[in-house]
Amino acid sequence: SKAPVHVLISRAGPAALANIRALLDEAGVETYVSYLPEPVVLQGNPSAIPSHIKGVLKSLGRASLDLLWFPPEVLKKQVWPIYRDTAKTLFTRQLIRAYGAQIEVRSPKLVKSLLPTDPAPVALLTSHDPLRPFGDEATAVAVAAGVEVVALARAAGAEELGGGVGAYLELMAGADAHVHERDAAVLSWALHSGAAVVARPLPHGGEALASVLRRLGPVAGSHALCALGSATSADAPPNSSASRVEDLGGAIASGRLAAREARRQLIVAGEAAAVGNAVPSVRPETLSDLEAQARTYKENNHVIYKQDFFDNATWAAILREVDRLWKSPDLEANCNLDGVNRLGGYVLDHQGAASSLYRLIYGNEAFRRWVSAVNGEGEMWPSDFPIELREYGPESKGMMCHPDLQMYAVPRKDSEFAMTVNNHSPCKVSFWDAAGQKHEIETTANSVMMVRANAAVHCVGPTDGGTRSILKFIYVGDYRKSGQFWSYTGNECDDANPNRRVLAARREPAADRHGSEL
């Protein structure tokens, strides 16, 4: 049997509505129709809303709307009493069967404030894309209360957002992924977070939307998909062999189960993958007893150190790539380093090679799972700040004690990492836990230390004639930036910069590569 397809019609005039009706009639499938009008329609005279909805229904050839989306302004405490009678009138006249709220689902407090509303919304429509993701905590609050969350990207195609989204999409879908696969990756991300998604008509044409929907099929069936009604969309909604779903809540619930199962299978496949171009992973022991690791992280004032982290194949690939980078112009000198206490630079990623550190670390789903579970603040993702390769040289005095800088807006979802590549020195890392006790660690190769922003104070000791090499990077759960982020977006210095000179010398065939023998 065919499951009802949720069609979300957004701000369409009479002509567009007539076209949508024709397309739906031609598709010949059962639909669940929700309507998002222009804000001015609902924020004007409340008594005129029923006649507007009647006009919409006439154009669509329907007796009622399954759901009407109200803008946030209408749901404010001081305004809602004015519109409540209108909403009840719409229900009484059977012009709508339910209503939802269009809000930014980021604050659990805001979501909770909507739940006692009489009558209560059955769904929340929120923007969700790489530059403005919804909040996992707020989504969990809504779902726990039986209110469904529907994610809508702000642009038809994910890459249309600009702002460096293309680089992030490469991490999600792969450097060689087609634009349709990247759009599908963004929607799949929302599905994995427990929301339904809206598949918008794409700027690449009708076939593009059909391609995206086909790629999402194995993840969500058609249950958690909403097609956005458009005067130009000619795509027939996807079919499903799943059992009939009677309403939006049931449809999304079915999709959520399908998404979880698909994600489980992907992870199992990734962990079983072999070497070379296969999916990178971590050692099975790394993922054991994650609850205990999360407790340790909290007790340490949000620091954790884990040895023997990556599986053999992934670690060997990381070492090969680090060795290549020291000899390559793909390492851009960090102008803030002095070339003595610390030297190194940012990893450029324009090769698309299977050995790329961005693929091995940022594209490592098992690693992302570990980060999310241990941090305990919802899903975490690779940041949009570059990976840095750094060495503490023979004369390094280390690094003074400090808490990590907050680069992103939400500190509990901003974690920095120091992955030790090698440590040929007595250099130790020290930190103070939540009880004020000092810990000292002589970090070893293939170890990872995760530190939350603005949390534990930590220091790096001197190398005493040896060397220690690390990779530094950030994972986040919210891509909004703190004010301090922008101080690090510039990296300009001339050849007189001491760190740039040291890196240039290491690339020369006859240069002393002490510390780069990995």
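Biologist: Glu-416 and Lys-472, are they buried or exposed?
Modeller: Both Glu-416 and Lys-472 are buried. By that I mean under 20% relative accessible area, with exposed being over 50% and partly exposed in between (1.4 Å probe, protein chains only). Keep in mind that this is a predicted model: local features need pLDDT of at least 70 and side-chain atom pairs count only at pLDDT 80 or more, while totals for chains, interfaces and linings use all residues. Residues are numbered from 1 along each chain as its sequence is written, and side-chain values use heavy atoms, with hydrogens and water left out.

Biologist: What do the side chains of Glu-416 and Lys-472 meet in?
Modeller: A salt bridge, at 2.3 Å from N to O. The cut-off is a side-chain nitrogen of Lys or Arg within 4 Å of a carboxyl oxygen of Asp or Glu. Glu-416 sits in strand S15 and Lys-472 in strand S20, so the bridge ties together parts 56 residues apart in sequence. Strands here are DSSP runs of E with at least two residues, helices are runs of H or I with at least four, and both are numbered from the N terminus.

Biologist: How many salt bridges does a search of the whole structure find?
Modeller: 17. Another one joins the side chains of Asp-66 and Arg-97, at 2.6 Å from N to O. Asp-66 is in the loop between helix H3 (49-60) and strand S3 (67-70), and Arg-97 is in the loop between helix H4 (80-92) and strand S4 (99-102), so this pair connects parts that are 31 residues apart in sequence. Asp-66 has a relative accessible area of 6%, so it is buried.

Biologist: Which residues are linked with Asp-66 in a network of salt bridges?
Modeller: Arg-62 and Arg-97 are linked with Asp-66 in that network.

Biologist: OK, and which side chain does Arg-506 meet in a salt bridge?
Modeller: That of Glu-391, at 3.2 Å from N to O. Arg-506 is in helix H15 (residues 498-507) and Glu-391 in strand S13, so to speak distant parts of the chain, 115 residues apart. Both ends are tucked away: Arg-506 is buried, at 5% relative accessible area, and Glu-391 is buried too, at 2%.

Biologist: Which ring face does Arg-506 lie over?
Modeller: The face of Trp-326, at 4.1 Å from the ring centre. To count, NZ of Lys or CZ of Arg has to be within 6 Å of the ring centre and within 35 degrees of the ring normal. Arg-368 lies over the face of Trp-381, also 4.1 Å from the ring centre.

Biologist: Staying with rings, how many aromatic pairs does the search find?
Modeller: 22 across the whole structure. One of them is Phe-70 with Tyr-99, edge-to-face, at 5.2 Å centre to centre with 75 degrees between the planes. Phe-70 is in strand S3 and Tyr-99 in strand S4, 29 residues apart, and both are buried. For the cut-offs, rings of Phe, Tyr and Trp (its six-membered ring) pair if their centres lie within 6.5 Å; planes under 30 degrees apart are stacked, over 60 edge-to-face, the rest tilted.

Biologist: Which residues form one aromatic cluster?
Modeller: The members are Phe-309, Phe-310, Trp-315, Tyr-358, Tyr-362, Phe-367, Trp-370, Phe-417, Phe-473 and Tyr-475. As for burial, Phe-367 is buried at 0% relative accessibility and Phe-473 at 2%.

Biologist: New topic. What volume does the second largest pocket have?
Modeller: About 590 Å³. Of its 29 lining residues, the closest to the centre are Arg-390, Met-399, Asp-404, Glu-416 and Lys-472. Points are joined across faces, edges and corners, and the volume is the space filled by probe spheres set on them.

Biologist: Which strand gives the most to that lining?
Modeller: S20, with five residues. The lining divides into 18 nonpolar, four polar and seven charged residues. Nonpolar covers Ala, Val, Leu, Ile, Met, Phe, Trp, Tyr, Cys and Pro, charged covers Asp, Glu, Lys and Arg, and the others, Gly among them, are polar.

Methods: 1 Å grid on protein atoms, 1.4 Å probe; cavity = no way out; pocket = protein on both sides within 12 Å on 5 of 7 lines; lining within 4 Å.
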